[in-house]
Amino acid sequence: MQDAGTKLEQGSAQLRCIGCGSVLQSAGRNFRCPDCDDLLEVTYPGWKCADTALRPQDLKASWTERRKSSAYVDQSGVWRFRELLPVPSGPASLVSLSEGNTPVYELPNCARSMGVEALFAKHQGMNPTGSFKDTGMTVAATFARLEGFRWVACASTGNTSASMAAYAARGGMRSVVLIPEGQVSWGKLSQALDYGAVTCQLKTDFDGCMRVLNEVVQRMPVCLLNSVNPYRLEGQKTAAIELLEQFNWEAPDHIIVPGGNLGNSSAIGKACMEMKELGLISRLPKISIIQAEGANPLVRAMRENGGKKLSPMRADTMATAIRIGNPASWKKAVRVLEATGGTVEQVSEVEIALAKAEIGADGVGCEPASAVTLAGLKKLVKQGFIKRNESVVLILTGHMLKDPDFTIKFHRGDLFPDKKDDAAILKEQQRAPIVLDASVEAVLKALEQA
Ligand code: F0G
């Protein structure tokens, strides 16, 4: 295995295997432990040293102060929290698109229909390329460039490829993306093309793309930017840090995250555990993970064997972003569920589509994969896992305009041509466009009917 040689600033951060605990000086090409092949994570032994200890009040004060700064590094809602990130040694400039700084929205109508009092959405779709991937990509792309890589690569269901292509372009690197043919929305595909990626549509699914890519990175000097790359997850942590800052450091009772390759839930959980350890928050939110019924390997693993073993499956769902049957970060996700007391749930295709329209009707909107969070919330409230008076934050991972095909088909009634039984409940949320003669009378009549 050729050494990618990625190094962290001495003393502040290190790479550790999540399986055997080995500490590595640098990561190999596949970002796996050379001894046991498990995933790596970034840890910060320096946080415990008396002379470098981080004080919560100081951290909060400098993060607030940086909001007023116009410096490139402070404009980023990721690097603003740099004390909790690996910071490149040497004078490397960051590859940034001013990511992060995403809004928290209240969802009053959804809250009412779910039967909870306080429901919020942290909208990670409001990032530069329209998904949460940007917060991780700024860190991973920065380290890839620092190491002198001229090429970066990923397998993707669409958002990672869009994000990686953009950050590669910003950082003066070339990018190659492997995507499953016919299973990536046009919005995402078009981004990868415009940002200049070599875009390979493989006749397989996401898991097949991942298998091919793992071979490619061993044979060519390209840096792997999937979420097995632990720098990605460090950047994605900042969504949770920023959220807690927006909540004035009072943790909500529940955070609900969609689950695909399970990097994001792992990152958000890691952030919460680190914030608790550092005294930034006094209690952990319960972090729950929702998957589509047709792409539910984690739900099965938790129910069948308590998360000890994950059996890969053939995945299928119209929420193409999470059409993943062999999630790389499942062990990290299980650790988050155990540490925070969260749970897993699965939701049907109809439930996803309805939830997406409900989020839209609150004036927020998101892509299908993000809507599993609201669909999952409905079930968790019914089961009594989430109580009426508990606060809930949904992590919306992608922008509504990522997949307009899905939205239009839904509202026109074309998404589920065979689901006659659900027609009535679907109709309640459908708002099809109305084709009219170009006359005032026709428009007034339509308004009267509405
Ligand atoms: N939501 C959206 C919009 C996504 O694009 C993804 C993953 C997820 C949720 C799931 O996050 O994988 O960290 O559990 N998309 C990846 C991609 C796999 O290639 O764009 P996860």
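**Close-up views of a predicted model**

Figure 1. In strand 9, C154 has V177 as its bridge partner. Helices (H or I, at least four residues) and strands (E, at least two) are DSSP runs, numbered from the N terminus. The model is predicted, so local features need pLDDT of at least 70 and side-chain atom pairs count only at pLDDT 80 or more, whereas totals for chains, interfaces and linings use all residues. Residues are numbered from 1 along each chain as its sequence is written, and side-chain values use heavy atoms, with hydrogens and water left out. Strand 8 (residues 151-155) pairs with strand 9 in the parallel sense over five bridges; two strands pair if DSSP finds at least two bridges between them. Between strand 8 and strand 9 the chain passes through helix 5 (residues 159-170), and this β-α-β crossover is right-handed. That term applies if, with the strands pointing away from the viewer, the path from the first strand over the helix to the second runs clockwise. Strand 9 also runs parallel to strand 10 (residues 198-202), joined to it by five bridges, with I179 opposite Q201 of strand 10. Helix 6 (residues 186-194) carries the chain from strand 9 to strand 10 in another β-α-β crossover, which is right-handed. Of the seven residues of strand 9 (residues 174-180), six are buried; buried means under 20% relative accessible area, exposed over 50%, and partly exposed in between (1.4 Å probe, protein chains only).

Figure 2. E181 and K203 form a salt bridge, their closest N and O atoms being 3.7 Å apart. The rule requires a side-chain nitrogen of Lys or Arg within 4 Å of a carboxyl oxygen of Asp or Glu, and by this rule the count comes to 24 salt bridges. E181 is partly exposed at 40% relative accessibility, while K203 is exposed, at 75%.

Figure 3. K237 forms a salt bridge with E234, with 2.6 Å between the closest N and O atoms; both residues are buried. A salt bridge also joins K237 to E274 (2.6 Å, N to O). E274 lies in helix 10 (residues 263-277) and K237 in the loop between helix 8 (230-236) and helix 9 (238-246), so this pair ties together parts that are 37 residues apart in sequence. E274 is buried, as is K237.

**Figure 4. Cysteine pairs without a disulfide.** The structure holds zero disulfides, a disulfide being a pair of cysteine sulfur atoms within 2.5 Å. The closest cysteine sulfur to that of C17 belongs to C36 and lies 3.4 Å away, too far for a bond. For C20, the closest cysteine sulfur is that of C33, at 3.7 Å, also too far for a bond. C17 is buried, with a relative accessible area of 3%, whereas C20 is partly exposed at 41%.

**Figure 5. The largest nonpolar core.** Among the 80 residues of this core, I255 and M275 touch the most other members. Helix 4 (residues 133-146) supplies the largest share, six residues. A nonpolar core is a set of buried Ala, Val, Leu, Ile, Met, Phe, Trp, Tyr and Cys residues joined through side-chain atoms within 4.5 Å. Leaving aside neighbours within four places in sequence, M275 is in contact (heavy atoms within 4.5 Å) with A240, I241, L244, W249, L280 and I281. A second, separate core of 31 residues includes C110, A111, A355 and V372.
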